[in-house]
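I opened a new model today and kept notes as I went. The entries follow the order in which I looked things up.

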Amino acid sequence: NGEIEFENVNFSYDGRTTALDNVSFKVPKGSSVALVGESGSGKSTILRLLYRFYDLKDGEGRIMIDGQDIRNVTQASLRRAIGVIPQDSILFNSSISYNIGYGKFGSSSDEIEAAARSAQMHERIMSFPDGYMTKVGERGVRLSGGEKQRVSIARTLLKNPPILLLDEATSALDTSTEKDIQKALQELQVGRSSLAIAHRLSTIATADTILVMREGRIVEQGKHADLIERG
Ligand code: ADP
Ligand code: ADP
């Protein structure tokens, strides 16, 4: 499972200006959709609505996951179903493994670290000087944007949700970091439905479908090659 559907969705933050205007699309199970468009065109609003930061009003359309209106899904099961890789993760002032495992493997940091270690999934995507024990925000360890994204990716791998929401960084990462992260993200997307606010050309080129947004509407929809042909 993991099919997402927006059906005639209208949304306004303030009741006057339109953030989304009759938006309809489907993310078939296991496929990837990239949202592109200028700042303010409605991309983040789509992700926020899917995660229920805001709810639709009656008569303003429906958002469904596997055919079920998300207003009838509890916040807890929604959070289990959806993994989020934000543009800039806020991490706890604690070890890397704590940041990867919190909420999933009990509450004591020993328990969490043990579980995160035994899963070992994140070893291949992370390399910090003291490994799991590296403390975020202590001893001068400040993670770069790319490293923070790796922590998010590792955390999401352990959580194993059927749906992924990705908000790509607008600021350029250096090329080798970008490649590493892109690779990890692509692995993460296998077998999951994903919806990404896309800035990287590689994300746009590899998406199954691209939705081009302008002023709250989907103005074009298709594969990368089709959109290039149409100009
Ligand atoms: P994008 O992600 O494409 O940059 P957004 O979805 O953030 O666009 O914004 C869509 C529209 O909604 C814009 O006009 C924006 O100013 C407005 N908007 C976004 N967030 C808020 C908010 N929290 N309160 C009021 N208006 C908002
Ligand atoms: P991004 O470019 O990362 O999508 P935005 O610039 O759209 O970020 O929004 C950054 C934050 O400001 C968001 O939390 C959003 O809800 C809020 N925001 C965006 N536009 C408005 C607006 N017109 N009025 C109030 N808050 C807004």
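**Confidence.** I am working from a predicted model. I looked up the scores before anything else. The protein averages a pLDDT of 85, and 82% of the residues score at least 70. For the complex, the predictor gives an ipTM of 0.71 and a pTM of 0.83.

**Cores.** I asked which members of the largest nonpolar core touch the most other members. They are Phe6, Ile46, Leu50, Ile82 and Leu195, out of 30 residues in that core. Another core, of 10 residues, lies apart from it; I noted Ile153, Leu157, Leu164 and Leu188 among them. Nonpolar side chains tend to be buried together in soluble globular proteins.

I then went back to Leu50. Leaving out residues up to four places away in sequence, I listed its contacts as Ile4, Phe6, Ile63, Ile65, Ile70, Leu78, Ile82, Leu165 and Leu195.

**Helix H5.** I checked the length of H5, residues 145-159. At 1.5 Å a residue, its 15 residues should span 21 Å. The end C-alpha atoms are 21 Å apart, so the two agree. I looked up burial next. The buried residues of H5 include Gly146, Arg150, Ile153, Ala154, Leu157 and Leu158. Asn160 follows H5 and has a positive phi, near 60°.

**Ala184.** I found Ala184 in helix H6, residues 175-189. Is Ala184 buried or exposed? Its relative accessible area is 7%, under the 20% cut-off, so Ala184 counts as buried. I also took its separation from Pro28, 156 residues away along the chain: the C-alpha atoms are separated by 22 Å.

Methods. Residues numbered from 1 in each chain as written. Chains lettered and ligands numbered in written order. Predicted model: local features only at pLDDT ≥ 70, side-chain atom pairs only at ≥ 80, totals over all residues. Heavy atoms only, no water. Core = buried A, V, L, I, M, F, W, Y, C linked by side-chain atoms within 4.5 Å. Buried < 20%, exposed > 50% of the residue type's maximum accessible area, 1.4 Å probe, protein only. Contact = heavy atoms within 4.5 Å. Helix = DSSP H or I, 4+ residues; strand = E, 2+ residues; numbered from the N terminus. Expected span 1.5 Å × (residues − 1). pLDDT = per-residue confidence, 0-100.
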